[in-house]
Amino acid sequence: MSQDDLSKLEIAQLESKLKTAQVLQRTVIGIFVVIVLTWIVLGLWQDNLPVFITTVVLGVVTTVPANANLKRLKAEIARRRGS
């Protein structure tokens, strides 16, 4: 989504997109937290360390683009409200 696409949307639509993106990001983070904690609690990370590290890295890498999208949406909402 480009900056021009954001400028065409109403504030209510931007807030809706922001809320949806936040829910999606929290869901993805929650899934990866459960997976990593399961690996740790069951002690499986010791048996297959490369897969465990890959899972942790994948969890971090998937949240970075989502976080950038959230910041862009928040900045556009703030710009329109004059904050």
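Leaving aside its neighbours within four places in sequence, which residues is L73 in contact with? In this predicted model, L73 touches L6, L14, K17, L18 and A21. L73 also belongs to the largest nonpolar core, so that is a handy place to begin your tour.
- Eight residues make up the largest nonpolar core: L6, L9, L14, L18, A21, L70, L73 and I77.
- Helices α2 (11-42) and α3 (49-81) are the elements that each give two or more residues to this core.

**The nonpolar surface**
- I29, V33, L37, I40, W45, L49, I53, V57 and V61 make a nonpolar surface patch of about 740 Å².
- Again, α2 and α3 are the elements that contribute two or more residues to the patch.
- One member of the patch, W45, sits in the loop between α2 and α3.
- With a relative accessible area of 31%, W45 is partly exposed.

**The aromatic rings**
- Two aromatic pairs turn up in a search of the whole structure.
- W39 and F52 form a tilted pair, with ring centres 5.9 Å apart and 40° between the planes.
- This pair links distant parts of the chain, as W39 lies in helix α2 and F52 in helix α3, 13 residues apart.
- Both W39 and F52 are buried.
- W45 and F52 form a tilted pair too, at 6.2 Å centre to centre and 45° between the planes.
- F52 counts as buried because its relative accessible area is 13%, under the 20% cut-off.
- Taken together, W39, W45 and F52 form one aromatic cluster.

**The salt bridges**
- The whole structure holds three salt bridges.
- R81 pairs with E15, and their closest N and O atoms are 1.8 Å apart.
- R81 is in helix α3 and E15 in helix α2, so this bridge ties together parts that are 66 residues apart in sequence.
- R81 counts as exposed at 52% relative accessibility, while E15 is partly exposed at 33%.
- R79 forms a salt bridge with E76, with the closest N and O atoms 2.5 Å apart.
- Both R79 and E76 lie in helix α3, three residues apart, or about one turn of the helix.
- R79 is exposed, with a relative accessible area of 51%, whereas E76 is buried at 2%.
- R80 meets E76 as well, in a salt bridge of 3.0 Å from N to O.
- R80 and E76 are separated by about one helical turn because they are four residues apart in helix α3.
- R80 is partly exposed, at 25% relative accessible area.
- Salt bridges with shared partners join E76, R79 and R80 into one network.

Terms used. Residues are numbered from 1 along each chain as its sequence is written. This is a predicted model: local features need pLDDT of at least 70, side-chain atom pairs count only at pLDDT 80 or more; totals for chains, interfaces and linings use all residues. Side-chain values use heavy atoms; hydrogens and water are left out. A nonpolar core is a set of buried Ala, Val, Leu, Ile, Met, Phe, Trp, Tyr and Cys residues joined through side-chain atoms within 4.5 Å. Buried means under 20% relative accessible area, exposed over 50%, partly exposed in between (1.4 Å probe, protein chains only). Contact means heavy atoms within 4.5 Å. Patches are made of residues with over 30% relative accessible area and no salt bridge: like charges are joined within 9 Å, nonpolar side chains (Val, Leu, Ile, Met, Phe, Trp, Tyr) within 5 Å. Accessible areas come from the Shrake-Rupley method with a 1.4 Å probe; for residues, only the protein chains shown count as cover. A salt bridge is a side-chain nitrogen of Lys or Arg within 4 Å of a carboxyl oxygen of Asp or Glu. Rings of Phe, Tyr and Trp (its six-membered ring) pair if their centres lie within 6.5 Å; planes under 30 degrees apart count as stacked, over 60 as edge-to-face and the rest as tilted.
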